[in-house]
Each structure stands twice: as C-alpha cells, then as structure tokens.
Amino acid sequence: DFNLSNAFFKFGNFRMICRLIDERFPDYENVIPTQNPIKMTIGRSEILSALKRISIYANKTTHQVRLKITGSELQISAEDLDFSNEANERLSCEHEGDDIEIGFNAKFLIEMLSNLDADQIKLNMSAPNKAGVIFPSEQDKSEDILMLVMPVMLNQYV
C-alpha cells in the first residue's frame, strides 16, 4: 500500500513504513572507481581476524588501520599515539600492480567482511587517496556484490 509520501509493507508480524523521496537518485556509479590496477586477493577469514585483533590498538576516534601491500605480503598495522598503543601483523596475499600503503577505518572493513560468505575476497585500488572496491572472488550467478570503501588520511608514523 502507498500514498504520495509513504509506502507501507506488511510481512507476517512485521510492518515497515518507508518515506518516498521525490528527488532524483544520486549518480552513485560515478563514485565507483573503474580503473584499479592494484589488486589484492586474500582469505576473508584471515584478514577479518587480523583486523579484529589489530583494531583494538587503533585510535578510538578514527579507527584507522594501515594496509601496506608489498609483493605477496600484506602488513596491517594500527597505532594510538594518545595511549602509546601499536600493533602490526603480516599476512600472505596475492597481489598484482604497484605496492601501496593505504589507510581505512577498521570498523567499516570489519563490518563489510563480516557480511560476506566468500572464502577469498578481492580488494582493488588505484591510489592511497582514492576509494577501494571489495568483492568476493567468486559469486553466485544470482549475486552482484561490490562494496566501496573510502580511505582515510594516514597518520605519518613509521
């Protein structure tokens, strides 16, 4: 059921009311980068577990983690200068393209990876200041999953 401003749905015991927006939908496809020469493939559960461990040491405001991909190695690190906390972990990965060092919000990465079922995920990037794209290495024909993750400016710790 609907009227000019709302749509109403009922599923068994659940009722959902949605507000209809009479505006042009944003052109979201312009935000998704198409040229991503840096590609990393890694086990979803391995990187997810590492992010959960490392994020404990990240700044509680920014939740920033640093991903440094060199050759077939991913180094994940975090530092909270306010509390003198730091942690890093190294994982094996498949990588093509240039080496890269990029920052992301760990909470966002953990949330994204927790909602995928795939054994392996791909993270495709172009530059440290441009969005990355995460998707499962293999998808069912009925799925088309693509997750956009925006980078954060890296603190310049060594």
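Student: Before we start, what counts as a salt bridge here?
Tutor: A side-chain nitrogen of Lys or Arg within 4 Å of a carboxyl oxygen of Asp or Glu. Keep in mind that this is a predicted model.

Student: Fine. How many salt bridges does a search of the whole structure find?
Tutor: The search finds three. One of them joins the side chains of Glu 89 and Arg 53, at 2.4 Å from N to O.

Student: Where do Glu 89 and Arg 53 lie?
Tutor: Glu 89 is in strand β6, residues 85-92. Arg 53 is in helix α1, residues 44-55.

Student: Next one. Which residue does Arg 66 bridge to?
Tutor: Glu 101. The closest N and O atoms are 2.6 Å apart. This pair also links distant parts of the chain: Arg 66 sits in strand β4 (residues 64-70) and Glu 101 in strand β8 (residues 100-105). They are 35 residues apart.

Student: Is Arg 66 buried or exposed?
Tutor: Buried, at 6% relative accessibility. The cut-off for buried is under 20%.

Student: Which residue pairs with Arg 90?
Tutor: Arg 90 forms a salt bridge with Glu 73. Their closest N and O atoms lie 2.7 Å apart. Arg 90 belongs to strand β6 and Glu 73 to strand β5, residues 73-80. The separation is 17 residues, and the pair links distant parts of the chain.

Student: How accessible is Glu 73?
Tutor: Its relative accessibility is 28%, so Glu 73 counts as partly exposed.

Student: Switching topic. How many cavities of 30 Å³ or more does the structure hold?
Tutor: One. The largest cavity has a volume of about 40 Å³.

Student: Which residues line the largest cavity?
Tutor: Met 40, Ile 47, Leu 67, Leu 109, Leu 113, Ile 121, Leu 123 and Ile 134.

Student: Which elements give two or more residues to that lining?
Tutor: α2 (106-114) and β9 (120-125).

Methods. Residues numbered from 1 in each chain as written. Predicted model: local features only at pLDDT ≥ 70, side-chain atom pairs only at ≥ 80, totals over all residues. Heavy atoms only, no water. 1 Å grid on protein atoms, 1.4 Å probe; cavity = no way out; pocket = protein on both sides within 12 Å on 5 of 7 lines; lining within 4 Å. Points joined across faces, edges and corners; volume = space filled by probe spheres on them. Helix = DSSP H or I, 4+ residues; strand = E, 2+ residues; numbered from the N terminus. Buried < 20%, exposed > 50% of the residue type's maximum accessible area, 1.4 Å probe, protein only.
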